[in-house]
Amino acid sequence: MKKSLIAALLLAACETSNYAPPITSTRYNVDLARLERGRTLFVRRCIECHTLPAIWKYSREDWPKIVNDMSRRASLKQAEREAVIAYILAVRKNEKPAR
């Protein structure tokens with residue numbers, strides 16, 4: 001029973017851990033370099049203050065507002081905000097969350 005509980009907690013922690021899916025495919029219809037830049041910024045700038053939220057936690061409509069609201073604290077310039085948003089939305093569009 002203890003092993004099952006530990007395994008369940010570890011799996012639940014993955015949903016809110018610092019996981020940001022890598023950009024490894026050309027199936028994204030956006031400049032891959034821009035998406036990789038967005039991923040790097042998402043990981044490096046957001047983790048400075050808190051654990052990365054799971055990309056699936058918020059809707060496609062929520063993410064632009066979240067990134068824009070947090071961009072001042074993360075010192076993101078306009079092009080950097082756009083890259084982060086593009087990354088998040090591309091992942092949400094092309095990947096399915098692990099269940």
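The largest nonpolar core of this predicted model holds 20 residues, and those with the most contacts inside it are Phe42, Val67, Val84, Tyr87 and Ile88. Such a core is a set of buried Ala, Val, Leu, Ile, Met, Phe, Trp, Tyr and Cys residues joined through side-chain atoms within 4.5 Å. Two or more residues each come from H2, H3 and helix H4 (78–94), and H4 gives the most, with 8 residues. Helices here are DSSP runs (H or I, at least four residues), numbered from the N terminus. Leaving aside residues up to four places away in sequence, phenylalanine 42 touches Ala20, Ile47, Leu52, Pro53, Ile55, Trp63, Val84, Tyr87 and Ile88, where contact means heavy atoms within 4.5 Å.

A word on how to read all this: residues are numbered from 1 along each chain as its sequence is written, and side-chain values use heavy atoms, without hydrogens and water. Because the model is predicted, local features need pLDDT of at least 70 and side-chain atom pairs count only at pLDDT 80 or more, while totals for chains, interfaces and linings use all residues.

Now for the charged pairs. The whole structure has 5 salt bridges, each a side-chain nitrogen of Lys or Arg within 4 Å of a carboxyl oxygen of Asp or Glu. Glutamate 80 takes part in one with arginine 37, their closest N and O atoms being 3.3 Å apart. Arginine 37 lies in helix H2 and glutamate 80 in helix H4, so this pair ties together parts that are 43 residues apart in sequence. Glutamate 80 also forms a salt bridge with arginine 45, at 3.8 Å between the closest N and O atoms. Through shared partners, Arg37, Arg45 and Glu80 are joined into one network. With a relative accessible area of 13%, glutamate 80 is buried, whereas arginine 37, at 41%, is partly exposed (buried means under 20%, exposed over 50%, partly exposed in between, with a 1.4 Å probe and protein chains only).

Another salt bridge joins arginine 34 and glutamate 82, with closest N and O atoms 4.0 Å apart. This pair links helix H2 to helix H4 across 48 residues.

Threonine 24 counts as exposed because its relative accessibility is 68%. Threonine 24 and glutamate 36 are 12 residues apart in sequence, and their C-alpha atoms are 9.1 Å apart in space.
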